[in-house]
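The following exercises are to be worked with the sequence and the coordinates at hand. Each task is followed by a solution in steps.

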Amino acid sequence: MSGVARGHLAMLTFSALVAGSFSLGSLAANEIAPTALNAVRFLIASVVIGCAAWASRRMARSAFQAPWRYLVLGGLFAAYFVLMFEGLKTAAPVSTAAVFTLTPLMSAGFGWILLRQVTTKRMAVALTIGAAGAVWVIFRADLAALVRFRVGQGEIYYFFGCIAHAAYTPMVRKLNRGEAPVVFTFGMLLAGLFLLTVYGWGDIRATDWAGLPTIVWITVVYLSIFASAATFVLLQFATLQLPSAKVMAYTYLVPSWVALWEIGLGHGAPNVLVLAGVALTVVALLLLLRNEH
């Protein structure tokens with residue numbers, strides 16, 4: 001399997017794991033401060049990735065040269081996660097998911113600004129089709145729900161978080177100096193943990209850790225291991241293999257994965273019209289797979 005193919009496989013897995021963070025995160029968003037939750041999340045993820053990096057024997061001292069790079073990347077991802085949970089406190093899941101689908105287009109813009117990556121006509125068509133399919137899935141094929149869309153405070157918070165997420169993708173490629181993905185991820189996590197601890201120290205101290213509901217700890221563990229440690233490595237690897245627009249195009253699959261998560265949680269299956277939207281996201285991905293330049 002070529003590096004490009006592995007990059008696509010990494011992002012396919014990435015999108016499935018990220019979808020779980022939406023399903024579980026919405027259950028815990030109002031139970032704990034976003035900064036406190038994400039500080040613990042980054043702490044656990046740092047330990048997991050740190051052990052993996054040490055075991056790989058690729059933890060060279062040279063990997064930590066120019067530590068400002070990790071502060072930039074850690075700050076971007078920490079900002080995304082904090083704003084995501086801040087938005088989930090008030091934003092409806094449908095509106096939040098709609099905002100999330102703007103990330104690929106923003107990432108394409110940052111890819112051009114930072115790396116001069118050009119979005120081809122085929123890729124632009126794919127992004128458009130993917131966006132249409134994702135929005136159709138998000139609104140459950142309900143035109144009335146789409147017409148009634150209103151942007152609230154939560155959506156605004158999350159929009160700025162998505163800007164940070166979109167900038168992160170090409171920034172990884174720009175700042176990486178040949179470090180292995182697992183080592184580079186470890187540096188970013190440590191930097192993110194440091195920034196979250198400094199910024200959210202008040203929330204961390206004020207949290208009644210012993211009295212938190214079980215769902216919060218379930219969410220923290222999932223976010224730390226699967227939606228943080230694993231996805232960070234997958235994203236780091238993919239961004240070194242694929243253009244930024246293609247990496248973030250897999251965002252369009254997240255609503256479809258969320259639908260599967262909801263089925264798994266016993267909330268029912270989507271109807272046939274919604275599945276039509278899922279089909280459009282598949283078409284978009286096929287177009288992206290054909291365009292490897």
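Predicted model: local features only at pLDDT ≥ 70, side-chain atom pairs only at ≥ 80, totals over all residues.

**Exercise 1. Determine where Asn176 lies and what its side chain reaches.**

Step 1. Asn176 is found in the loop between helix 8 (153-175) and helix 9 (181-199).

Step 2. Asn176 has a relative accessible area of 16% and is therefore buried, the cut-off being under 20%.

Step 3. The side chain of Asn176 reaches the backbone oxygen of Glu179 at 3.2 Å.

Step 4. Apart from neighbours within four places in sequence, the residues in contact with Asn176 are Arg69, Phe184 and Leu240.

**Exercise 2. Find the salt bridges and state how many the structure holds.**

Step 1. The structure holds two salt bridges.

Step 2. One of them joins Arg69 and Glu179, with the closest N and O atoms 3.0 Å apart. This pair links distant parts of the chain: Arg69 is in helix 3 (residues 68-88), Glu179 is in the loop between helix 8 and helix 9, and 110 residues separate them. Both Arg69 and Glu179 are buried.

Step 3. Glu86 forms a salt bridge with Lys89, and here the closest N and O atoms are 3.6 Å apart.

**Exercise 3. Which residues form the nonpolar patch on the surface, and which helix gives the most to it?**

Step 1. The nonpolar patch consists of Val48, Val221, Ile225 and Phe226, which together have about 290 Å² of accessible area.

Step 2. Helix 11 (residues 214-239) gives the most to this patch, with three residues.

Step 3. Val221 is placed in helix 11. Its relative accessible area is 41%, so Val221 is partly exposed.

Step 4. Phe226 is likewise placed in helix 11. With 40% relative accessibility, Phe226 counts as partly exposed.

Step 5. Phe226 and Gly20 are 206 residues apart in sequence and 8.8 Å apart in space, C-alpha to C-alpha.

**Exercise 4. Compare the span of helix 2 with the expected value, then examine the backbone at Arg57 and Ala66.**

Step 1. Helix 2 (residues 34-55) has 22 residues.

Step 2. From its first C-alpha to its last, helix 2 reaches 31 Å, close to the 32 Å expected at 1.5 Å a residue.

Step 3. Arg57 follows helix 2 and has a positive phi, near 60°.

Step 4. Ala66 lies in the loop between helix 2 and helix 3. Although Ala66 is not a glycine, its phi is positive, at about 55°.

Step 5. Ala66 has 17% relative accessibility and therefore counts as buried.

**Exercise 5. Describe Arg122 and Thr103 by helix, accessibility and separation from a second residue.**

Step 1. Arg122 lies in helix 6 (residues 121-138). Its relative accessible area is 35%, so Arg122 is partly exposed.

Step 2. Arg122 and Ala284 are 162 residues apart in sequence, while their C-alpha atoms are 9.6 Å apart in space.

Step 3. Thr103 is placed in helix 5 (residues 103-115). At 0% relative accessibility, Thr103 counts as buried.

Step 4. Thr103 and Leu175 are 72 residues apart in sequence and 20 Å apart in space, C-alpha to C-alpha.

Terms used:
Residues numbered from 1 in each chain as written. Heavy atoms only, no water. Helix = DSSP H or I, 4+ residues; strand = E, 2+ residues; numbered from the N terminus. Buried < 20%, exposed > 50% of the residue type's maximum accessible area, 1.4 Å probe, protein only. Polar contact = N/O pair within 3.5 Å; in protein donor to acceptor, adjacent residues only side chain to side chain. Contact = heavy atoms within 4.5 Å. Expected span 1.5 Å × (residues − 1). Patch = residues over 30% accessible without salt bridge, like charges linked within 9 Å, V, L, I, M, F, W, Y side chains within 5 Å. Areas by Shrake-Rupley, 256 points an atom, 1.4 Å probe, with all protein chains shown as cover. Salt bridge = Lys/Arg side-chain N within 4 Å of Asp/Glu carboxyl O.
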